[in-house]
Amino acid sequence: MEATGRPRIDASVAHSARVHDYWLGGKDNFAVDRAAGDAVQAAYPGIVQSVRANRAFLARVVRFLTDEAGITQFLDIGTGIPAANNTHEVAQSVAPGARVVYVDYDPVVLQHARALLTSGPRGTVDYIDADLRDTEKIVREAARTLDFGQPVAIMLIAVMHLIGDAHDPYGIVGQLKDAMLPGSYLALSQVASDIEPERMAEAARQYNQRARETQRHRTHAEVARFFDGLELLEPGVVVVPQWRPQSTAEAEAHSGMWGGVGRRA
């Protein structure tokens, strides 16, 4: 922490949220983030399209959950730097009273979230500064805004590949699922290890050499395991552009990520 009490922003090593911001065309990144982003793109040229396809997946999932499933509470973990079609914007465009809690631990995200992630007059937006590994803190603090006695959607979009096996990723997701009442949903996407595997492996190697976090890409079966105990919605775990696309162009977008949505029965 700095003397002011603000979290220190480390510009000497790349951070996932800032690298994603660079790929999405944002300006909230440093030279180290751009260098990491360029190295990954050299190894896997489709990364920018993949990141954008994942962002579109997020918007479609939130719209479905709000409009068709009737969900009005969202816990979005690993939110990243605010971009277009943030969870609360999509949800509150359908249900103005929707409540959304964002969770991240990057100080750049924290600064922007508090300034930019503002709710409509009828809804609520809150932000928790926490690491995904600390599920107890996340659920406890989210309960200030969300009613876990009612259905909640937990969003783990493009974050689980930052949790290595040593940190028990399935245990983390299991603890979050334990907080879900019947009628709740889990939406998850994660970088694949079995889509263009050679390029993906080199992309992970380039990223891991430069960033604070290390990536653990996963197979289709490994990603599907996150939904154990849930009713997996059609079309199941698929390449993210193929999850209920709204156009042929959207369905054919390039992506190296698996994604899906499950419901607690």
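Here are some notes on this predicted model, going from the whole chain down to a few residues.

1. **Ground rules.** Residues are counted from 1 along each chain as its sequence is written. Because the model is predicted, local features need pLDDT of at least 70 and side-chain atom pairs count only at pLDDT 80 or more, while totals for chains, interfaces and linings use all residues, and side-chain values use heavy atoms, leaving out hydrogens and water.

2. **The overall build.** You'll find 10 helices and 8 strands in the chain; these are DSSP runs (helices are H or I with at least four residues, strands are E with at least two), numbered from the N terminus. The radius of gyration is 17 Å, close to the 18 Å that the globule rule gives for 265 residues, so the chain is as compact as a globular protein of that length. That radius is taken over C-alpha atoms, and the rule is 2.2 Å times the number of residues to the power 0.38. Along its principal axes, the C-alpha trace spans about 50 × 45 × 35 Å.

3. **Inside and contacts.** Of the 265 residues, 54% are buried. Buried means under 20% relative accessible area, exposed means over 50%, and partly exposed is in between (1.4 Å probe, protein chains only). Now look at contacts (heavy atoms within 4.5 Å): among those with a separation of 6 or more, 74% are between residues 24 or more positions apart.

4. **Helix H4.** Which residues of helix H4 are buried? In this helix, residues 87–94, they are Thr 87, His 88, Val 90, Ala 91 and Gln 92. Their cover includes helix H3 (47–67) and the strands E1 (73–77), E2 (99–104) and E3.

5. **Around Thr 145.** This residue sits in the loop between helix H6 (135–142) and strand E4 (153–157). Is Thr 145 buried or exposed? Thr 145 is buried, with a relative accessible area of 11%. Leaving aside residues up to four places away in sequence, Thr 145 touches Arg 99, Val 101, Thr 124 and Asp 126.

6. **The neighbour, Arg 144.** Side chains of opposite charge can pair when their charged atoms come close. Arg 144 and Asp 126 meet in a salt bridge at 3.5 Å, N to O; the term means a side-chain nitrogen of Lys or Arg within 4 Å of a carboxyl oxygen of Asp or Glu. Arg 144 is in the loop between H6 and E4 and Asp 126 is in strand E3 (residues 124–129), so the pair ties together parts that are 18 residues apart in sequence. Arg 144 is exposed at 57% relative accessible area, whereas Asp 126 is partly exposed at 21%.

7. The whole structure has 11 salt bridges. One of them joins Arg 216 and Asp 165 at 3.1 Å, N to O. Arg 216 lies in the loop between helix H8 (197–210) and helix H9 (220–225), and Asp 165 in the loop between E4 and helix H7 (169–178), so this pair ties together parts that are 51 residues apart in sequence. Arg 216 also forms a salt bridge with Glu 222, where the closest N and O atoms are 3.0 Å apart. Which residues end up in one network through shared partners? They are Asp 165, Arg 216, Arg 218 and Glu 222. As for accessibility, Arg 216 is partly exposed at 23%, Asp 165 is partly exposed at 47%, and Glu 222 is partly exposed at 22%.
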